[in-house]
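Here is a friendly briefing to read alongside the sequence and the 3D view. Take it one topic at a time, and find each residue on screen as you go.

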Amino acid sequence: MDYSNVFRLVNMGIGALMIVGGIGQFFPIGFQSVIIGCYVIIFGAATLLLEFQIPPAVSRWAPFLFSFIGRGIFYIFVGSILLHQPAIRIIAGSIIGIVGVGYVVLEYIPQIEPPQNMRDAGGEWGAEQI
């Protein structure tokens, strides 16, 4: 069974949650909060972009985003950044982290293949492009 559309919707939802969590990170305003919020918003925008277009630089510099385990660990990382007060960040961070754990588990289920946009890395981990 082809789950490509399900994964696409999940990844777009996670990207949107990252943006919402990043905006929530700005409050209360502080230097560290603003910097972390900007990074989380950039990560969310990049996650959304990967569902529509895959820039060549991403497949070269971030090949981990093209496997379930790599994307899962990335989601767990971003989710853990957001786990702090207020409640909107706790909810967004929890959902992102839980989806990340789900993606890590999916790496070890051979019946479920990653969607096409997660297989376009143009090589395996550490593969040199000549």
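Ser33 has its place in helix H2. Please keep in mind that this is a predicted model. We start with this serine, then move on to the helix pairs, the charged residues and the prolines.

- Is Ser33 buried or exposed? Its relative accessibility is 18%, so Ser33 counts as buried, the cut-off for buried being under 20%.
- Leaving aside residues up to four places away in sequence, Ser33 touches Gln25, Phe26 and Pro28.

## How the helices pack

**H1 and H2**

- Helix H1 covers residues 4-25, and helix H2 covers residues 31-50.
- These two helices, H1 and H2, pack at an angle of about 165 degrees, and their axes are 7 Å apart.
- That angle makes H1 roughly antiparallel to H2, since angles over 145 degrees count as roughly antiparallel.
- The crossing of H1 and H2 is left-handed.

**H2 and H4**

- Helix H4 runs over residues 68-82 and packs against H2 at an angle of about 150 degrees, with the two axes 11 Å apart.
- H2 is therefore roughly antiparallel to H4.
- H2 passes H4 in a left-handed crossing.
- Which residues of H2 meet H4? They are Ile36, Val40, Phe43, Thr47 and Leu50.
- Their partners in H4 are Arg71, Phe74, Tyr75, Phe77, Val78, Ile81 and Leu82.

**H4 and H5**

- Helix H5 spans residues 87-106.
- H4 and H5 pack at an angle of about 160 degrees, and their axes are 7 Å apart.
- As a result of that angle, H4 is roughly antiparallel to H5.
- Here too the crossing is left-handed, with H4 passing H5.
- The H4 residues in contact include Arg71, Gly72, Gly79 and Leu82, while those in H5 include Arg89, Gly93, Gly97 and Gly100.

**Arg71**

- How many salt bridges does the structure hold? It holds one.
- Arg71 forms a salt bridge with Glu51, and the closest N and O atoms are 3.2 Å apart.
- Arg71 sits in helix H4, whereas Glu51 is in the loop between H2 and helix H3 (56-61), so the pair ties together parts that are 20 residues apart in sequence.
- Both partners, Arg71 and Glu51, are buried.
- Arg71 is also listed in the contacts of H4 with H2 and in those of H4 with H5.

**Arg89**

- Arg89 lies in helix H5.
- This arginine, Arg89, is buried but has no salt bridge.
- How far is Arg89 from the nearest side chain of opposite charge? That side chain belongs to Glu51, and it is 24 Å away.
- What does Arg89 touch? Not counting residues up to four places away in sequence, its contacts are Gly21, Gly24, Gln25, Phe27, Leu82 and His84.

## Prolines to look for

**Cis peptide bonds**

- Phe27 and Pro28 are joined by a cis peptide bond, with omega about 0 degrees.
- Pro28 is in the loop between H1 and H2, and it is one of the residues that Ser33 touches.
- Another cis peptide bond joins Gln85 and Pro86, with omega about 5 degrees.
- Pro86 lies in the loop between H4 and H5.

- Pro63 is found in the loop between H3 and H4.
- With a relative accessible area of 23%, Pro63 is partly exposed.
- Pro63 and Met118 are 55 residues apart in sequence, and their C-alpha atoms are 9.4 Å apart in space.
- Pro110 belongs to the segment after H5.
- At 66% relative accessibility, Pro110 counts as exposed.
- Pro110 and Ser4 are 106 residues apart in sequence and 15 Å apart in space, C-alpha to C-alpha.

Methods: Residues are numbered from 1 along each chain as its sequence is written. This is a predicted model: local features need pLDDT of at least 70, side-chain atom pairs count only at pLDDT 80 or more; totals for chains, interfaces and linings use all residues. Side-chain values use heavy atoms; hydrogens and water are left out. Helices (H or I, at least four residues) and strands (E, at least two) are DSSP runs, numbered from the N terminus. Buried means under 20% relative accessible area, exposed over 50%, partly exposed in between (1.4 Å probe, protein chains only). Lys and Arg count as positive and Asp and Glu as negative; His and the chain ends are not counted. A salt bridge is a side-chain nitrogen of Lys or Arg within 4 Å of a carboxyl oxygen of Asp or Glu. Contact means heavy atoms within 4.5 Å. Axes are lines fitted to C-alpha atoms, for helices over the stretch in contact, and angles run from 0 to 180 degrees between N-to-C directions. Angles under 35 degrees count as roughly parallel, over 145 as roughly antiparallel, 65 to 115 as roughly perpendicular and the rest as oblique. A crossing is left-handed if the near helix is turned anticlockwise from the far one by less than a right angle, and right-handed if clockwise.
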